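Please open the model in a viewer and keep the selection panel at hand. The stops below are meant to be followed in order.

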Amino acid sequence: MANSPAASLTRTGLAAWNSCAFDRASACLREALCADPDFVPALLLLRGLLYYKPLLSNDVTVYALERRRDQCAKCKPLMERARDFVVSLGNENDTRLGPPEHCLRAWMSVLDGDDCNAVFEWRKAEQAAQRALQLPATAAAAAEAAEAAYELEADWQNASEPTVPQAGCAYNSLGCSYEDGFGVGKDAAQAFHYFTLAARAGNVVALRNLAGAFTNAVGVSRDRARALRYYSAAADRGNADAMTFLAIAYESGDADAGLPRDVPVALELFERAAARGDTWAMNHLGVLYEAGEIVTRDYARCAKMFQCAADAGDNSHALVNIARCYEQGRGVPHNPRLAISLYERAADAGNGWAANRLGLFALDGTEFEAKDATRAVALFRRADELGSPDGACNLGYCHAQGIGGLSADKRAAAALFAKGAYCDATAAVAASGGGATAAAAGQHLHGRSLANLAICHLDGQGMPRDTRAAVRLLWLSASTGYATAEKILLSVLTQQ
């Protein structure tokens with residue numbers, strides 16, 4: 001298979017990439033996938049190339065290639081064929097290999113779960129780039145370097161360290177490795193350094209990563225204004241993820257960054273990102289069409305957006321949202337069986353809200369499933385482990401009532417209510433010692449958990465009897481819009 005049409009076209013694509021003929025490289029890799037849609041090296045390289053220059057394509061998205069790659073990675077014969085192809089290119093010390101060949105070797109290492117070797121190969125790609133700097137620049141390389149010189153900051157213009165366009169993927173991958181501790185120790189300064197090199201080499205994803213660095217203070221001081229400039233630059237060059245971040249900023253405005261609210265621009269960016277396969281943009285559009293606040297409510301369009309995002313297979317929130325549509329018959333036919341199936345997929349993907357919803361179905365029973373309190377407790381516990389405040393609250397209720405094989409334990413119930421109330425373990429520990437405290441400040445509040453914790457204080461069940469603490473908790477709960485808390489609070493205040 002090393003001399004198959006797909007393999008030959010992939011080699012031609014690699015040669016074009018090394019010569020900075022990126023359009024030619026893209027065309028060759030597409031032809032390779034037409035000849036063999038399961039040829040993993042071509043999938044990996046085209047994905048990397050579209051990350052590098054996403055405007056090369058409108059019909060093939062990074063997300064579609066990633067889904068296909070993940071499917072192929074589960075097939076041993078396909079992976080063995082890919083490894084044979086990589087071996088045929090030469091070993092890691094072969095000086096004839098350029099940056100894209102080493103990137104391919106690194107991406108194969110990632111699929112094999114060898115993070116350290118992936119970093120080793122990206123360093124080899126960096127070394128290959130340094131060797132390329134010693135060679136006379138081709139016309140294509142010079143043109144690409146000129147195109148990459150869209151400096152947004154003075155430090156780019158005055159940078160003394162040269163880069164080559166072919167190595168942009170390697171620089172960016174090394175930045176990600178240092179940011180996340182992927183095969184190396186975490187080092188925010190090194191992450192920022194490599195993201196800068198990658199951006200100067202023309203890597204569009206690196207622009208988005210620099211925006212993230214300025215947003216989250218990774219190796220640099222937090223600066224929302226500069227972050228938005230980088231998001232804008234990446235979005236202008238076709239990065240769907242950056243379009244979505246920028247759209248969210250325009251939707252609400254950002255006074256600190258001097259960005260005014262502009263709903264039409266936000267909607268345009270969401271649509272552009274969705275068209276390029278970004279599932280977060282699709283899901284967000286669905287939420288907007290469901291809410292009907294800044295666009296006309298359209299349940300059919302809402303369900304379509306959720307379905308498109310869910311079909312991509314990498315967005316558990318979209319799975320939950322389309323499940324809700326089927327559960328409620330909103331924009332799609334009422335289908336509770338399909339809703340439960342979708343909730344199960346979302347829970348398997350690590351969505352705590354979905355696990356909690358399945359727990360409620362098990363606790364109450366459905367028209368086609370009998371009640372199963374033991375299963376409900378297991379699902380609530382899973383939801384709690386996944387960080388769902390609803391899961392923590394419902395698990396607390398099961399402890400309080402002795403449901404599903406649990407012995408009645410008011411103290412355990414109160415601890416779970418406290419955990420769910422502030423959606424943060426640290427705040428929960430602080431609150432459990434003395435009711436509502438300053439630990440709640442800045443935390444996301446969960447109204448039902450706060451109200452249940454207040455009841456524990458009122459009754460002296462699992463917590464010290466403390467009416468004052470209960471009133472504070474009920475005020476917090478009511479502030480979240482939980483109507484039951486308002487009724488309880490009114491009853492408590494009228495009795496005092």
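This tour of a predicted model goes from a pocket to a set of salt bridges.

Begin with the largest pocket, which holds about 870 Å³ of space. Select R47, Y51, E66, N172 and V205, the closest to its centre among the 39 residues that line the pocket. Next, colour the helices that contribute two or more residues to this lining: α3 (40–52), α4 (62–73), α6 (99–111), α10 (168–180), α12 (204–216), α14 (240–252) and α16 (279–291). Of the elements, α10 gives the most, with 7 residues. Coloured by class, the lining shows 17 nonpolar, 12 polar and 10 charged residues.

Turn now to the salt bridges, of which the model has 15. Select R83 and D112, whose side chains meet at 2.6 Å, N to O. R83 belongs to helix α5 (residues 76–89), whereas D112 sits in the loop between α6 and α7 (115–133), 29 residues apart. R83 is partly exposed at 27% relative accessible area, and D112 is also partly exposed, at 40%.

Move on to R330 and E290, where the closest N and O atoms of the salt bridge are 3.3 Å apart. Because R330 lies in the loop between α18 (316–328) and α19 (336–348) and E290 in helix α16, the pair ties together parts 40 residues apart in sequence. R330 is partly exposed at 28%, while E290 is buried at 13%.

Finally, select K419 and D384, a salt bridge with its closest N and O atoms 3.1 Å apart. K419 lies in helix α23 (residues 410–422) and D384 in helix α21 (residues 373–385), so the pair ties together parts 35 residues apart in sequence. Here K419 is partly exposed at 34%, and D384 is buried at 11%.

How values were computed. Residues numbered from 1 in each chain as written. Predicted model: local features only at pLDDT ≥ 70, side-chain atom pairs only at ≥ 80, totals over all residues. Heavy atoms only, no water. 1 Å grid on protein atoms, 1.4 Å probe; cavity = no way out; pocket = protein on both sides within 12 Å on 5 of 7 lines; lining within 4 Å. Points joined across faces, edges and corners; volume = space filled by probe spheres on them. Helix = DSSP H or I, 4+ residues; strand = E, 2+ residues; numbered from the N terminus. Nonpolar A, V, L, I, M, F, W, Y, C, P; charged D, E, K, R; others polar. Salt bridge = Lys/Arg side-chain N within 4 Å of Asp/Glu carboxyl O. Buried < 20%, exposed > 50% of the residue type's maximum accessible area, 1.4 Å probe, protein only.
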